[in-house]
Amino acid sequence: MADTPTETSGLDRILTLEIARVTERAAVAAARLRGRGDEKAADQAAVDAMRSELNRLPIDGVVVIGEGERDEAPMLYIGEEVGTRDGAKVDIALDPLEGTTICAKNLPNSLAVIAIAEKGSLLYAADVYMEKIAIGPGYPPNTVSLDATPTENLHAVARAKGVDVSQVTACILDRPRHARLIEEVRDTGAAIRLIGDGDVAGIIHTTDPEQTGIDIYMGIGGAPEGVLAAAALRCIGGQMQGRLELNTEDKLARAAKMGITDPHRVYSMEEMASGDVLFAATGVTDGNLLQGVRFAPDAIITHTIVMRSSSRTVREIKARHQDLEKFD
């Protein structure tokens, strides 16, 4: 489906293509350091490249999901203003290098990711953990819920698909905190795809089970990544819920600074990312949905997906960049 001239969103249609340049540049910068074992250097390279390209966009943007608090991050901190400052007022969620460890080890599914939404549309999620559950499009409303048990959710997905639960695959971060979750999922007979990092990619993979083999995402990961994933699902379709893990006084205080008062609240996908949302991701390393950056003697090849919620447009961009100086 293409964007139509009758759209009333405050986001300019041209941003659906310009946003791709932002993640492309960050992905290329990180890819130059993939497999080198230096997470910080790869992340810094991606941050620098993304910030530089963001400041070319005709937007009046504020980073609401970024690389940390102002005094803790080298660039692209929460609250930083970006863009030319003479365009639409927007909120920005970003992860210049989603899966820093993945990139450093040159493992699958490292991405450069960004979401741009109308001002006030993205949840101001503190840098804490979030319990998440997500499935792709095509299911009845409220098929899964964080208030249900993992067993109940897996059987609900199986019933909706018309298959036995043994034909359902759950994606879960491979962390000690998920030991009980993993045990319960295996007890149902469902399969598990364990990932070492990169839960934005893990959640996006639920949108195309035939290609990725993943039906449902479950478990606890970063709250900022949860908002980014919700933005992507808003564009493609699907269901997602998130609940912040505010289990210490420090976490409660940080959340309160961002206006979050109910530590037990379950956020829907629409509450995490509302309004008109643009989302882009470029592969840094090869993955289930996106190829990683390729360096040819005379060109750089990138693979990007760009999505928009208001039109449900999904663009897949395989670009061959021959102006190599742009990425120096």
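Which element gives the most to the lining of the second largest cavity? Strand E13 does, with 3 residues. The model is predicted: local features need pLDDT of at least 70, side-chain atom pairs count only at pLDDT 80 or more, and totals for chains, interfaces and linings use all residues. Residues are numbered from 1 along each chain as its sequence is written, and side-chain values use heavy atoms, with hydrogens and water left out.

E13 covers residues 299–308. Its partner is E14, residues 313–321. The two run antiparallel and are joined by 9 bridges. Strands count as paired if DSSP finds at least two bridges between them. Met307 stands opposite Val314 in E14. The two strands form a hairpin, with 4 residues between them. In the turn, Arg312 has a positive phi of about 55 degrees.

The search used a 1 Å grid over the protein atoms alone. A cavity is a set of points where a 1.4 Å probe fits but cannot get out. A pocket is an open set with protein on both sides within 12 Å along at least five of seven lines. Lining residues have an atom within 4 Å of a point. Grid points are joined across faces, edges and corners, and a volume is the space filled by probe spheres set on the points.

The structure holds 2 cavities of 30 Å³ or more. The largest cavity has a volume of about 90 Å³. It is lined by 13 residues, and Leu111, Ile204, His205, Leu289 and Leu290 lie nearest its centre. Helix H6 (199–204), strand E11 (277–283) and E13 each give two or more residues to this lining. The lining has 9 nonpolar, 4 polar and no charged residues. Here Ala, Val, Leu, Ile, Met, Phe, Trp, Tyr, Cys and Pro count as nonpolar, Asp, Glu, Lys and Arg as charged, and the others, Gly among them, as polar. Domain 1 (13–120 + 277–327) and domain 2 (129–272) both give residues to the lining of the largest cavity, so this cavity lies between them. The domain bounds come from an automatic or database domain assignment.

The second largest cavity holds about 30 Å³ of space. Its lining includes Ile301, Thr302 and His303. By class, the lining divides into 1 nonpolar, 4 polar and 2 charged residues.

The largest pocket has a volume of about 590 Å³. It is lined by 26 residues, of which Asp95, Asp127, Gly222, Pro224 and Glu225 lie nearest its centre. E3 gives the most to this lining, with 4 residues. The lining has 7 nonpolar, 7 polar and 12 charged residues. Domain 1 and domain 2 each supply at least three residues of the lining.
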